[in-house]
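Could you go through this one with me before you set anything up? I've put my notes down as numbered points.

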Amino acid sequence: MQAWVIGNWKQNPATQHEVDELLDDLLSTLKDDKHDAIDNENKIASGRNCQLMVAPSSIHLAAVSKRLQNANILCAAQDISAHSATIGAFTGDCSAQQIIDAGAKWTILGHSERRQYYQESNGPLLQKLTCAMSQNLGVVFCIGETQAQYDAQQTFAVLDEQLSVIKQLVEQSDNKDLKASLTEQFIIAYEPVWAIGTGKVPTVEEVSATHKHIKQTLAGFNENLADISVLYGGSVNAANAGSFATSPVIDGALVGGASLKAESFLAIAKAFS
Ligand code: PGA
């Protein structure tokens, strides 16, 4: 199965100039790695395909997409409008159609920071998922429990509640295309809230057990959902990525802080390759 390593840049970097520097670093390091790979047949033979993706803030999205269009790095938005998939009087929003027009093929949805700071719940998330699917925009759907929920051993119950929106999405449509796009253009990112930006991580065994639960739950909604990729996110860095990559049920990583430096981002990608 293909691995995914996705950089969530959040509200970073501060300027277009710094975005350009990060892209320069990413592209030049990737180029050097390609040369190394040609010198090392074993590396090519053993490597599984790892698809890279970055999610800049919407102000930088078009410029980043343009710069990366020939680099085999996909672009994602960090959110889309819940109210309209196209145009409308929704001040401050960007629609799925506008995100596609800016050159992105994916969007993150349901990140815990959006759930926390913008009270995003299943209602608006279902609207956003519906908008994304209607425009063929892929979705990286984030779920995860808080520290208190983890301590109270409520992780699976919390994830089940967050995943119920996917069940609703499947049920509200008997459209075969929707089911096809759910398998091809849909990724789950399991991100314990307590691991995001804290340096704390669950064990690989804990994450693997949780991913198995997520995969079983999705397969229970619809057999077409059995093959959905499930990524881990929360304080992934160059030092710990290798251990997560050893698990056959961890299909990649959603990376925040460590995606803002080309060196650490690409080291994580190598761990999953
Ligand atoms: P982090 O963030 O890697 O900085 O912990 C991950 C995320 O929020 O997606």
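The points below go from the ligand site to the cavity, then on to some backbone and side-chain details.

1. First, the ground rules. This is a predicted model, in which local features need pLDDT of at least 70 and side-chain atom pairs count only at pLDDT 80 or more, while totals for chains, interfaces and linings use all residues. Residues are numbered from 1 along each chain as its sequence is written, and side-chain values use heavy atoms, with hydrogens and water left out.

2. The ligand shell. There are 13 residues around the ligand, and Lys10, His111, Glu191, Gly197 and Ser235 come nearest (a residue is near if one of its heavy atoms lies within 4 Å of the molecule). By class, the shell holds 7 polar, 4 nonpolar and 2 charged residues. The classes are as follows: Ala, Val, Leu, Ile, Met, Phe, Trp, Tyr, Cys and Pro are nonpolar, Asp, Glu, Lys and Arg are charged, and the others, Gly among them, are polar.

3. The side chain of Glu191 puts an N or O atom 2.6 Å from an oxygen atom of the ligand. From the backbone, an N or O atom of Gly197 is 2.7 Å from a ligand oxygen, and a polar backbone atom of Gly256 is 2.8 Å from a ligand oxygen. On its own the ligand exposes 280 Å², and the protein buries 95% of that (areas are by the Shrake-Rupley method with a 1.4 Å probe; for residues, only the protein chains shown count as cover).

4. The cavity. How many cavities of 30 Å³ or more does a search of the whole structure find? It finds 1, and the largest cavity has about 30 Å³ of space. A cavity is a set of points, on a 1 Å grid over the protein atoms alone, where a 1.4 Å probe fits but cannot get out; lining residues have an atom within 4 Å of a point. Points are joined across faces, edges and corners, and the volume is the space filled by probe spheres set on them.

5. What lines the cavity. The lining of the largest cavity is Gly110, His111, Ser112, Arg115, Cys142, Ile143, Gly144, Gln162 and Glu191. By class the lining divides into 5 polar, 2 nonpolar and 2 charged residues. Glu191 is listed in this lining, and Glu191 also has the side-chain contact with the ligand.

6. Glu120. This residue sits in the loop between H5 and helix H6 (122–134). Is Glu120 buried or exposed? Glu120 counts as buried because its relative accessibility is 7% (buried is under 20%, exposed over 50%, partly exposed in between, with a 1.4 Å probe and protein chains only). The side chain of Glu120 makes polar contacts with the side chains of Lys128 at 2.5 Å and Arg114 at 3.1 Å.

7. Most residues other than glycine have a negative phi, and most peptide bonds are trans. The Asn12 to Pro13 peptide bond is cis, with omega near -20°; Pro13 is in the loop between strand E1 (3–8) and helix H1 (16–38). Asn72 has a positive phi, near 60°, and lies in the loop between H3 and strand E3 (73–77). Asn72 is exposed, at 58% relative accessible area. Asn136 also has phi near 60°; its loop joins H6 and E5, and Asn136 is partly exposed at 49%.

8. Two serines with side-chain-to-backbone contacts. Ser273 is in the segment after helix H12 (262–271), and a polar atom of its side chain is 2.7 Å from the backbone oxygen of Ala269. Ser273 is partly exposed at 42% relative accessibility. Ser243 belongs to helix H11 (residues 241–245), and a polar side-chain atom of Ser243 lies 2.8 Å from the backbone oxygen of Asn240. At 34% relative accessibility, Ser243 counts as partly exposed.

How values were computed:
Polar contact = N/O pair within 3.5 Å; in protein donor to acceptor, adjacent residues only side chain to side chain. 1 Å grid on protein atoms, 1.4 Å probe; cavity = no way out; pocket = protein on both sides within 12 Å on 5 of 7 lines; lining within 4 Å. Helix = DSSP H or I, 4+ residues; strand = E, 2+ residues; numbered from the N terminus.
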